[in-house]
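User: I would like to go through the terms used for this model and see what each one rests on. Please set the values against the definitions.

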Amino acid sequence: MFRNIKEDLKAALERDPAARNALEVILCYPGFHAIVMHRIAHWLYNHRLKLIARLLSHCNRFLTGIEIHPAVKIGKGFFIDHGMGVVIGETTEIGDNVTIYQGATLGGTGKESGKRHPTIGNNVVISTGAKVLGPFRVGDNSKIGAGAVVLNEVPPNSTVVGIPGRVVKRDNKRVQDVHIDLDHVSLPDPVNQAFRRLTFRLLELEQKVDEMEERLKNEAL
């Protein structure tokens with residue numbers, strides 16, 4: 001547990017340019033506070049102290065605005081940026097070096113029993129306001145765009161945007177573990193690209209119509 005907390009602290013220092021030193025992260029970062037309290041609650045939960053674990057997770061939500069069920073399994077190097085409104089459901093599993101931004105939800109889609117929350121691979125970035133709902137896997141090195149609602153499996157090395165979420169970019173070249181791409185703003189927009197193609201096509205057709213009208217006018221003269 002303490003080794004993982006050390007990795008969480010290191011992750012905050014590496015991924016947040018506003019973090020000036022370790023002491024500042026320890027004292028002032030609610031995302032770091034949330035993961036430390038969760039790791040304690042998770043230990044209690046696994047040692048049959050489930051009520052105490054749930055009480056600690058409740059205090060965690062009250063203090064940080066981040067709700068993590070104590071049963072959630074989280075790997076090393078976990079970073080929650082700001083974090084207000086983040087919700088992580090009971091059967092969620094999170095790999096190593098994952099980054100989650102504020103308002104993101106890792107949840108279920110109903111009242112199913114058993115595994116009902118997502119499994120997040122290694123080196124995944126889940127952007128602001130994204131919702132990942134259901135018992136499927138988000139592959140390693142993938143990126144979930146801001147506001148996306150993901151309801152299906154995400155292949156490794158993919159970028160997902162939109163409602164419902166769809167894969168708009170997939171690079172089969174493996175991303176090195178040491179590099180985590182935190183750019184969750186400059187993502188492809190397939191809807192905008194489609195409108196641009198339609199606009200260019202319409203301009204071409206208007207130009208052809210104008211040329212035909214000019215030709216007919218000249219022939220009439």
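Analyst: Two strands count as paired if DSSP finds at least two bridges between them. The model is predicted, and in it four strands, in the order E2-E5-E8-E11, form an open sheet with parallel pairing.

User: What makes E8 and E11 a pair?

Analyst: Strand E8 (residues 119-120) and E11 are joined by two bridges in the parallel sense. The definition asks for at least two bridges, so the pair qualifies. Within the pair, Ile-120 has Val-138 of E11 as its bridge partner.

User: Why are E2 and E11 said to stand at the edges?

Analyst: Strand E2 (73-74) and strand E11 (137-138) each have a single partner strand, so one side of each has no neighbour in the sheet.

User: What makes E14 and E15 a hairpin, and how do they run?

Analyst: Strand E14 (residues 158-161) and strand E15 (residues 166-170) run antiparallel and are joined by four bridges; at least two are needed for a pair. Val-161 stands opposite Arg-166 in E15. The hairpin has four residues between E14 and E15, and Gly-162 in the turn has a positive phi of about 95°.

User: Why is Trp-43 called partly exposed?

Analyst: Trp-43 has 44% relative accessibility. Buried means under 20% and exposed means over 50%, so a value in between is partly exposed. Trp-43 belongs to helix H3 (residues 30-46).

User: What lets Trp-43 count towards a surface patch?

Analyst: Patch residues need over 30% relative accessible area, and Trp-43 has 44%. Together with Met-1, Phe-2 and Ile-40, Trp-43 forms a nonpolar patch of about 440 Å² of accessible area.

User: How confident is the prediction, and where is the pLDDT below 50?

Analyst: The average pLDDT is 86, and 89% of the residues score at least 70. The pLDDT is below 50 over residues 174-178, a stretch with five contacts beyond near neighbours in sequence. Where pLDDT is low, the predicted coordinates should not be read in detail.

Definitions and conventions. Residues numbered from 1 in each chain as written. Predicted model: local features only at pLDDT ≥ 70, side-chain atom pairs only at ≥ 80, totals over all residues. Heavy atoms only, no water. pLDDT = per-residue confidence, 0-100. Contact = heavy atoms within 4.5 Å. Patch = residues over 30% accessible without salt bridge, like charges linked within 9 Å, V, L, I, M, F, W, Y side chains within 5 Å. Areas by Shrake-Rupley, 256 points an atom, 1.4 Å probe, with all protein chains shown as cover. Salt bridge = Lys/Arg side-chain N within 4 Å of Asp/Glu carboxyl O. Buried < 20%, exposed > 50% of the residue type's maximum accessible area, 1.4 Å probe, protein only.
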